[in-house]
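Subject: Structure handover

Hello,

Here is the structure I promised to pass on. Please open it and keep it beside this email while you read.

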Amino acid sequence: MIERQLWGPLLAAGGSRPLCIARGKAKSRDDFRAHCGLISRLIGMDGRRAWVVYDADPYHFLCALLAVMAAGCEARIPPNGQEQSIRSLCTDSVGFAGHHDHLAADVDTQALLKPGSGQTSNEEIVFPASEWGEAVFCTSGSTGAPKQVRKSAWQLWAEAESFRKKWDVSPGSVFLPLVPHQHIYGLAFGYLLPLQAGAAFYTTGSEGILGVVEPLEGVADCSSIVVVTSPTLGRQATRIPLLADDRSAPGSACPAPVGRVFCAGGPLSDEEAKAMEILLTCPVTEIFGSTETGAVATRRRGVTGGAELSWTLLPGLEATLGDAGDDAVGATPGTGELLVRGGHVSMNGAPAVATGDRVRIFNGGEFQLLGRSDDLLKVEGKRVSGEQVAVLLRESGLVDDAVVLANRAEGRESLSCGVLLSGSGLAHYRDHGKMATDTLMRQHLRQHLDPVLVPKRIRYLDSLPVNALGKVSKQELEVLVLGDHAPTMPLSKSEGSGTDGFRLQLTIPVNLACLRGHFERRPIVPGFMLLHWVHLFAMERTGYLLDSAAINRLKFTRPVRPGDSIALDCRVVGEGLEFAYLDDDGGRVASGQVPLLGDAPGDGNV
């Protein structure tokens, strides 16, 4: 009955104070109690003991989640809003509470809670005679393998309570969650924390908030904004109008000060943390944890917080070491897998939960991350942490980020890696070629590693494939690093298009297929590829076919190289198409005129 004792008074403590602000329209805590009560009553009348809970609207989702658990039922939360993800969890004995545009819900939150439905009377939550039901987070993690993680209502309450006590959240704060609410981090920090602290959260409903450019409505009188984000979104903060806007200017999109930023899903670099604090002029607190443990530790690496490499446990938690794995190459005595117990992680003497992370523990509840325990790779009987190799690559100065994978092609064991080149790494690649740049990386690694542990294959990537929380997708990564796929087209962004011409902004990928061997010591895009792109883009954008056998006034002014950003400007003039590739200063890189053959198949003007 402990869940009833904890959540009951919280849900019963209604009042007119807002809990959810949706574009200026507030839903009070009285509204929330009534909505939860309505859904809980319908769940109890149905009789099924397990329910899939999903709604793209965070407020509706929160109502359904707590209502299902309060009715003593199990709430199964899909990892995303894809139709098949939800359908795979639904059976005859498992209901669907929430809303999806392409699936019929047994308890439809959109229909029940929409204004004017007449169904939102002052309901009381129907508490079960037994304890509350559990929440089951269905997560794929970074490996893609499905996994179910159970959380009791007490654990969810205790985790949010520990946050409230640690950061002393003001009841006048408004939370701005930028991460999915069906993930444990987004749910706990973006919605359960403000619910428990007497604060509010802001939402745009099911449309998402990243592209919103109009001002936040109904928050001008709040004490501060609390942003809940991930490293991926943090790196894009300058492109999120609500965050990049000048909050001191009249009519600012974000009229209230940003008081704190929470960031989880992956570590921030020193530069990223500093950039976020400068942009948002507030502390950026990184959160370490997992679906299994919830949040367990924090750190701050911003402008005023210093370059903290170690993490500090949340109050009430205890860290110990599991299997040290000291036979791994480079391992240090006193390191091992992080085990966490106490607080919201385990209760009533439950065993410690293994995080799967290798750490070095210091005094005072601090630890340093050394990589994943399941990140240990074995080659010819020697073991090494993939993260250790990635750290060494970053230390070379040629690489901003790296991932290392085991490659067992043709029965031979070796390591392969995908790297994001740094500015100096890209410059070396452009001036000396891939072989010379790879050689420098391997020379640096050989100073620290056994030769068999130096990656045989090094793939240059433009970005790492990540999910909504910024976690790297292992399956997509294996395709990019271990497969033979390489892009054949530049990254393009339209800057205007019509029947008489178009303009595109192009970025040349560092791993463009045609760069292989052209040339080994100084890679440049072959001229025929520049002409090929003109043909393809012209057919797609204008509907014309071009006569490639009769190109006039063709000029190549300077080479196009990996990482270059260039514009392609094309105009139909008379019976031909005039094209020009331009650099950032408007100078011509290549140009010419190609006769038109006629209309291309299809409608054109794509």
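Start with the hairpin. Strands β1 and β2 form it, with two residues between them. R23 sits in the turn and has a positive phi of about 50 degrees. Please remember throughout that this is a predicted model.

β1 covers residues 18-22. Strand β2 covers residues 25-28 and runs antiparallel to β1, joined to β1 by four bridges.

Look for I21, which stands opposite Y202 in β10.

Is β1 enclosed or open to the outside? Four of its five residues are buried, so β1 is largely enclosed by the rest of the structure.

Strands of a sheet pair through backbone hydrogen bonds, and the pairing can be parallel or antiparallel.

**A three-stranded sheet**

Now move along the chain. Three strands make an open sheet in the order β22-β23-β24, with mixed pairing. Its edge strands are β22 (399-407) and β24 (457-460), and each of these pairs on one side only. On average, neighbouring strands in this sheet are turned by 20 degrees against each other, direction ignored.

β23 takes in residues 414-421. Its pairing with β24 is parallel and uses four bridges. Across that pairing, G418 stands opposite R459 in β24.

A helix belongs in this picture too. Helix α13 (residues 434-446) lies across β22, β23 and β24. It runs at about 120 degrees to β24.

L421 has a relative accessible area of 15%, so it counts as buried; the cut-off for that is under 20%. Beyond its neighbours within four places in sequence, L421 is in contact with L398, V399, D400, L426, Y429, M441 and Y460. G397 is 24 residues away from L421 in sequence, and their C-alpha atoms are 8.9 Å apart.

Then try H428, in helix α12 (residues 423-432). H428 is also buried, at 19% relative accessibility. Leaving aside neighbours within four places in sequence, its contacts are G433, A436, T437 and L440.

**Salt bridges**

How many salt bridges does a search of the whole structure find? The count is 22.

Take R87 and E83 to begin with. Their side chains meet in a salt bridge at 2.5 Å, N to O. They are four residues apart in helix α4 (residues 83-87), which means about one helical turn separates them. R87 is partly exposed, at 41% relative accessible area. E83 is partly exposed as well, at 31%.

Next come R299 and E286. The closest N and O atoms of this salt bridge are 3.0 Å apart. R299 lies in strand β14 (residues 294-299) and E286 in strand β13 (residues 284-290), so the pair ties together parts that are 13 residues apart in sequence. Are these two partners buried or exposed? R299 is buried, at 6% relative accessibility. E286 is buried too, at 1%.

Now go to R561 and D431. Their side chains meet at 2.8 Å, N to O. R561 is in the loop between β28 (552-556) and β29 (565-573), while D431 is in helix α12. The pair therefore ties together parts that are 130 residues apart in sequence. R561 is buried, with a relative accessible area of 11%. D431 is partly exposed, at 39%.

Salt bridges that share partners join E74, R76, E134 and R150.

**A patch on the surface**

Finish on the outside. L536, M539, L545 and L597 make a nonpolar surface patch of about 320 Å². One of them, L597, is found in strand β31 (residues 588-599). L597 is exposed, with a relative accessible area of 59%.

Happy exploring.

Notes: Residues numbered from 1 in each chain as written. Predicted model: local features only at pLDDT ≥ 70, side-chain atom pairs only at ≥ 80, totals over all residues. Heavy atoms only, no water. Pairing = 2+ DSSP bridges. Axes fitted to C-alpha atoms, helices over the stretch in contact; angles between N-to-C directions. Contact = heavy atoms within 4.5 Å. Buried < 20%, exposed > 50% of the residue type's maximum accessible area, 1.4 Å probe, protein only. Patch = residues over 30% accessible without salt bridge, like charges linked within 9 Å, V, L, I, M, F, W, Y side chains within 5 Å. Areas by Shrake-Rupley, 256 points an atom, 1.4 Å probe, with all protein chains shown as cover. Salt bridge = Lys/Arg side-chain N within 4 Å of Asp/Glu carboxyl O.
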